[in-house]
Amino acid sequence: MSQDTERFRSLVERLKSGDEAAFKELYESLSGRVFSYIIPRVGGRDEALDLLQDVFLDLWSARLRFSYVNDASVWGFIFLITRRKLAEHYGKRRRDSEIAELPQDDRYDMDIHAIGDVHAIELGMKDLSDKDRDVLTLRYWSGLSFAEIAEANGKTETAVRVHHHRALAKLEAILKNHEN
Amino acid sequence: MRKLENIRIRPLSNEERSRAWNNIASQLPSTPVLSPFVFPIHKVVSFAAIFIFLIGTVSASDSSRPGQLLFPIDIAVERIESSLDSSSQVNHAQERLVEFDATVGSDETIQETPTAARMEKTAAPIAPINPRPSDVFLEGEPTSETADMMMFSVVNSGPAPTPLSDETEQAITTTRAALEEILNKALMGDDTQTVVEIMATIDEFETKVNTLRGSSF
């Protein structure tokens, strides 16, 4: 992310002044990873796309409240909005008493057997704490490096590595439990 | 771990990215934009409420009298007026006098009791404790206490001063202080006529006080 520093700084400044072109450029840069972060937490691609739109609309509304400090602050801000939108989404689903739909396979580029494994993992991850789930999602779904996760969460890389290791151990134990 | 590393999500396609962007862009104009010149409605309402409250308090304080809760606000507002316009000092002094009259006028003891009756009222309780000289000397040498009493009766051979209510005493103190403050300010200026008029008002006030106390000194 550090190579984008100057570009991000400039884009954020232009975004704050209401420049839609800068907003679109930011969207092009960030949307892929935000989408990857959302996808394992929802039932399908359409749902994820709806949430992606909401996240960026919120980013536009909140742009005056954001100040660029470094690249990590951009990722931190966008993931903060994403987590809030996901929490609202879950709350709405609970209020509407919707029966959770089975995850759709269109989220993954994998064969049917491998997708079965992913579904089992997703089920196991529901028993993890939010923080544990977060670090694994950022690592394996969004494809962020440990350094990038550390930047986005305002932690050191070592702390993220330790956290990641513990989260994996917990997930493994949960999956074994489920198999039994 | 290996299973996790093998996860391959289907990335956001260009078509999906464009579709989502089109939806976002279509909603942007309706997105409220914070402007430094537009305040949120709750802030406007709060400011309006505070403004109305302050205006109401200042207006109400104008008719307050010494000793009342809003009287210090009245004085503060007049201080500001005086600093802007020195000619208002005479008006403020006269206003103090009017307020004093209103406060004292509401004191039933003073208002309803004529001066003579008041003197009788206050003299009556004193009379029995004034020993006649014959009583004192019949029983022996006068003690220092009885001598004091005798001295009191001699010195206060005229009508005794009328005790005023606490409210009236408070009004006298407050009004006197306010008038002195106005006079001091006027003395710092160069308008002799203003000083003369304020001093006349103070004289009038002191005359009223002396009348209330039932004495002419």
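The secondary structure of chain A in this predicted model consists of eight helices and zero strands, where helices (H or I, at least four residues) and strands (E, at least two) are DSSP runs numbered from the N terminus. Along the sequence, the elements of chain A follow the pattern α-α-α-α-α-α-α-α. Chain B has eleven helices and zero strands, which run α-α-α-α-α-α-α-α-α-α-α from the N terminus on. Residues are numbered from 1 along each chain as its sequence is written, while chains are lettered from A and ligands numbered from 1 in the order in which they are written. As the model is predicted, local features need pLDDT of at least 70 and side-chain atom pairs count only at pLDDT 80 or more, whereas totals for chains, interfaces and linings use all residues.

Of the 180 residues in chain A, 34% are buried; a residue counts as buried if 20 or more other C-beta atoms lie within 10 Å of its own, as exposed if 12 or fewer do, and as partly exposed in between, with C-beta atoms placed from the backbone. In chain B, buried residues account for 14% of the 217 residues. Contacts were also examined by sequence separation, two residues being in contact if their C-beta atoms, placed from the backbone, lie within 7 Å. Among contacts in chain A between residues at least 6 apart in sequence, 66% join residues at least 24 apart. For chain B, residues 24 or more positions apart make up 66% of the contacts with a separation of 6 or more.

Within chain A, Phe8(A) lies in helix α1 (residues 5–16). Phe8(A) is buried, with 22 other C-beta atoms within 10 Å. Apart from its neighbours within four places in sequence, Phe8(A) is in contact with Tyr68(A), Asp71(A) and Val74(A). Helix α3 of chain A comprises 17 residues (45–61), which at 1.5 Å a residue should span 24 Å; the end C-alpha atoms are 24 Å apart, in agreement. The expected span of a helix is 1.5 Å times one less than its number of residues. Buried positions of α3(A) include Leu49(A), Leu52(A), Phe56(A) and Leu59(A), together with Arg45(A) and Asp54(A).

Ala150(A) is located in helix α7 (residues 146–153) of chain A and is buried, with 20 other C-beta atoms within 10 Å. Leaving aside neighbours within four places in sequence, its contacts are with Lys155(A), Thr156(A), Glu157(A) and Val160(A). Ala150(A) and Val135(A), 15 residues apart in sequence, are 9.4 Å apart in space, C-alpha to C-alpha.

In chain B, the axes of helix α3 (residues 41–62) and helix α4 (residues 71–84) come within 8 Å and cross at roughly 95°. Axes are lines fitted to C-alpha atoms, for helices over the stretch in contact, and angles run from 0 to 180 degrees between N-to-C directions. The two helices, α3(B) and α4(B), are therefore roughly perpendicular to each other; angles of 65 to 115 degrees count as roughly perpendicular, under 35 as roughly parallel, over 145 as roughly antiparallel and the rest as oblique. Thr57(B), Val58(B), Ser61(B) and Asp62(B) in α3(B) meet Ile73(B), Asp74(B) and Val77(B) in α4(B). The residues of this contact divide into three nonpolar, two polar and two charged, with Ala, Val, Leu, Ile, Met, Phe, Trp, Tyr, Cys and Pro taken as nonpolar, Asp, Glu, Lys and Arg as charged, and the others, Gly among them, as polar. Helix α10 (residues 166–188) of chain B, with 23 residues, should span 33 Å at 1.5 Å a residue, and its end C-alpha atoms are 33 Å apart, which agrees. Among the buried residues of α10(B) are Ala171(B), Ile172(B), Leu179(B) and Ile182(B).

The contact between the chains takes 23 residues from chain B and 29 residues from chain A. On the side of chain B that touches chain A, the elements giving two or more residues are α1 (2–5) and α2 (14–27) of chain B. The largest share, seven residues, comes from α2(B). This side of chain B divides into 13 nonpolar, four polar and six charged residues.

The model scores ipTM 0.71 and pTM 0.46. Chain B has a mean pLDDT of 72, with 65% of its residues reaching 70 or more, pLDDT being the predictor's confidence in each residue, from 0 to 100. Confidence in chain B is highest in α2(B), at 91, and lowest in helix α6 (residues 108–112), at a mean of 44.
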